[in-house]
Amino acid sequence: MLDHLAWEIIRGLPEQFSPRHERVVVFCGTHKGFGLNWLRRGYKIALQTEQMYDQTGKPLWGQSKKRARRLAFAARAADLVLDLSASNRRFYEEHCPRALAEGKVRFGPYLFPSHPLPFDPDGDQSVAFFGSVGEGRRSGVIERIDAFPVRMLESGTFFDDLYRQVRACAAVLNVHFEDGVYTEAPRLLTSLYSGKPLVSEPLAAPFVAGEHYIPIEAYGTVDNRAIFERLSRFVSDNLSFERFLRDNRV
């Protein structure tokens with residue numbers, strides 16, 4: 001999944017983009033740990049993807065001791081940290097106050113392409129779900145959906161093959177792994193590259209239900225194209241990875 005995310009982020013940069021630094025190394029998913037790779041030459045960016053807290057301050061699954069150690073190490077070893085969730089600030093206040101004080105940490109889902117992506121009107125009326133399900137919360141939520149058909153995509157499918165399967169559907173379904181208000185930004189990114197709107201449980205700011213994504217209970221009552229195009233313009237204008245790099249003079 002992290003390989004897929006890294007591939008999507010990089011392909012969203014304009015061809016002519018050139019960083020200020022001679023060599024930039026992005027560590028995608030720093031909860032995994034990168035061992036001796038932290039000794040690589042270049043300007044190092046730590047991309048943090050885990051959810052430690054939701055928008056209300058509720059603790060989430062990302063706070064295991066092992067992950068906390070790895071994230072704290074990454075905050076020390078990197079030149080710049082990009083945490084996709086502003087709700088995670090509390091983690092850095094408690095575990096990495098020096099990195100915050102030094103101004104090394106930025107928050108927000110700055111992983112989108114710097115240009116709007118096209119809507120794909122094709123596909124049947126099913127809504128695609130991809131990702132882990134298991135027997136936990138997601139399984140129960142999906143089983144209770146009866147307003148539209150949900151197509152469960154084959155586990156372990158990524159890159160162009162994932163896009164092909166998603167494009168056979170009308171939209172992408174997002175169900176939280178754990179109850180809360182937060183944003184699975186990588187799934188949002190894949191839905192955009194597939195040309196499909198996101199049907200989702202409540203997402204964290206700055207995403208607005210009915211404007212940037214379709215609430216599950218509203219699917220079928222709104223214009224899929226309009227929702228998709230508003231989101232695509234919003235993220236390309238405000239939340240692109242290119243903007244993050246330029247704003248931080250990377």
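**A guided reading of the predicted model**

At 34% relative accessibility, Phe159 counts as partly exposed, a class lying between buried (under 20% relative accessible area) and exposed (over 50%), with a 1.4 Å probe and protein chains only. This is a predicted model, in which local features need pLDDT of at least 70 and side-chain atom pairs count only at pLDDT 80 or more, while totals for chains, interfaces and linings use all residues. Residues are numbered from 1 along each chain as its sequence is written, and side-chain values use heavy atoms, with hydrogens and water left out.

Phe159 belongs to helix α6, residues 159-167; helices (H or I, at least four residues) and strands (E, at least two) are DSSP runs, numbered from the N terminus. Together with Met1 and Phe158, Phe159 makes a nonpolar surface patch of about 280 Å². Such patches consist of residues with over 30% relative accessible area and no salt bridge, where like charges are joined within 9 Å and nonpolar side chains (Val, Leu, Ile, Met, Phe, Trp, Tyr) within 5 Å. A salt bridge here is a side-chain nitrogen of Lys or Arg within 4 Å of a carboxyl oxygen of Asp or Glu, and accessible areas come from the Shrake-Rupley method with a 1.4 Å probe.

The backbone of Phe159 also deserves attention: its phi is positive, about 60°, although Phe159 is not a glycine. Arg249, in the segment after α9 (241-247), likewise has a positive phi, near 55°. Arg249 is exposed, with a relative accessible area of 53%. Another backbone feature is the cis peptide bond from Ala205 to Pro206, with omega near 15°. Pro206 is placed in the loop between β8 (198-200) and β9 (214-215). Most residues other than glycine have a negative phi, and most peptide bonds are trans.

Attention now turns to strand β3. Both faces of β3 (residues 80-83) are covered, with Leu80 and Leu82 buried on one side and Val81 and Asp83 buried on the other. Strand β2 (residues 43-48) runs parallel to β3 and is joined to it by 4 bridges; two strands pair if DSSP finds at least two bridges between them. From β2 the chain passes through helix α2 (residues 65-77) to β3, a right-handed β-α-β crossover, meaning that with the strands pointing away from the viewer, the path from the first strand over the helix to the second runs clockwise. Val81 is the bridge partner of Ala46 and stands opposite Val105 in β4. Strand β4 (residues 105-107) pairs with β3 in the parallel sense over 3 bridges.
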